[in-house]
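Thanks for coming, everyone. I have one structure to walk through today, and I'll keep it short. Please bring it up on your screens.

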Amino acid sequence: NGRQVEDKPSTISDGAYWFESLPPGKYLIWAEARGHLAMEHPDTIEIKDSDQILRHNFQLIPEDQSTPVYLVGGVYDATVNTPDYPVYPATITLSFRHPLIYSPIDTVVITVTNNPDGSFGIRNLVPAIYDVRCTARGYNTEYITGLDLRYGPDTLFIYMKKQVDPP
């Protein structure tokens with residue numbers, strides 16, 4: 001329902017954790033530990049009553065073993081479907097919900113413009129699942145949801161369709 005609940009669970013030395021008396025609702029769970037990359041559980045957790053027991057495990061990655069997260073790719077004309085016809089300039093916007101930001105607007109947004117050859121690169125990203133929006137004059141906006149960049153770099157080619165003027 002969009003409510004933010006900030007609650008630190010009880011934990012024991014083996015890493016087991018639990019929340020006490022969470023009201024019924026849907027939750028996203030985020031885990032973090034000193035010396036490790038923080039991680040959001042990939043599924044929404046639904047609590048139907050306060051006595052319900054659910055088991056959800058995390059495997060946190062030590063910071064010194066993490067892979068740098070970046071995205072490279074290009075924006076091209078879909079009618080030709082080849083990198084020989086770049087769409088330039090195009091604006092690529094990445095967004096993700098950051099569970100550690102507690103505000104009415106809890107989305108982090110990163111925006112870049114591609115190069116004349118259509119290519120783009122975004123470095124030093126937070127490991128997360130991103131939504132992508134690509135816009136360019138004369139082309140329909142393209143949307144990609146659920147781009148998983150939690151475990152390392154990726155490549156994304158966006159093929160845009162030209163806008164059709166109404167008759």
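Let's begin with a question: which backbone nitrogen lies 2.8 Å from a polar atom of the side chain of N114? It belongs to A90. Keep in mind that we are looking at a predicted model.

Where does N114 sit? Find β9, residues 107-113, and β10, residues 119-122. N114 is in the loop between those two strands. Is N114 buried or exposed? Its relative accessibility is 3%. The cut-off for buried is under 20%, so N114 counts as buried.

Now back to the side chain of N114. A polar atom there lies 2.8 Å from the backbone nitrogen of A90. There is also a backbone oxygen to look at, that of G118. The distance from that oxygen to a polar atom of the N114 side chain is 3.4 Å.

What else does N114 touch? Leave aside the neighbours within four places in sequence. The contacts are then V75, V87, Y88, P89, A90, I92, S119 and F120.

Two of those names lead on to the next part. V75 falls within β7, which spans residues 71-77.

How many of the seven residues of β7 are buried? Six are, so the strand is largely enclosed by the rest of the structure.

A quick reminder on sheets. Strands pair through backbone hydrogen bonds, either parallel or antiparallel.

Take the β10 side. β7 and β10 are antiparallel, with four bridges. Then take β13, residues 154-160. Here β7 runs parallel to its partner, and seven bridges join them. Two pairs to click on: L71 stands opposite D154, and Y76 stands opposite Y159.

The three strands form an open sheet in the order β10-β7-β13, and the pairing is mixed. β10 and β13 are the edge strands, each pairing on one side only. On average, neighbouring strands in this sheet are turned by 20° against each other, direction ignored.

Last stop: the hairpin of β11 and β12. β11 covers residues 129-135, and β12 covers 142-148. They run antiparallel, joined by five bridges. V132 in this pairing stands opposite I144. Six residues lie between the strands. Which residue of the hairpin takes a positive phi near 85°? That is G138.

That's my tour. Over to you.

Technical notes: Residues are numbered from 1 along each chain as its sequence is written. This is a predicted model: local features need pLDDT of at least 70, side-chain atom pairs count only at pLDDT 80 or more; totals for chains, interfaces and linings use all residues. Side-chain values use heavy atoms; hydrogens and water are left out. Buried means under 20% relative accessible area, exposed over 50%, partly exposed in between (1.4 Å probe, protein chains only). A polar contact is a pair of N or O atoms within 3.5 Å; within protein, one must be able to donate a hydrogen and the other to accept it, and residues adjacent in sequence count only if both atoms are side-chain atoms. Contact means heavy atoms within 4.5 Å. Two strands pair if DSSP finds at least two bridges between them. Axes are lines fitted to C-alpha atoms, for helices over the stretch in contact, and angles run from 0 to 180 degrees between N-to-C directions.
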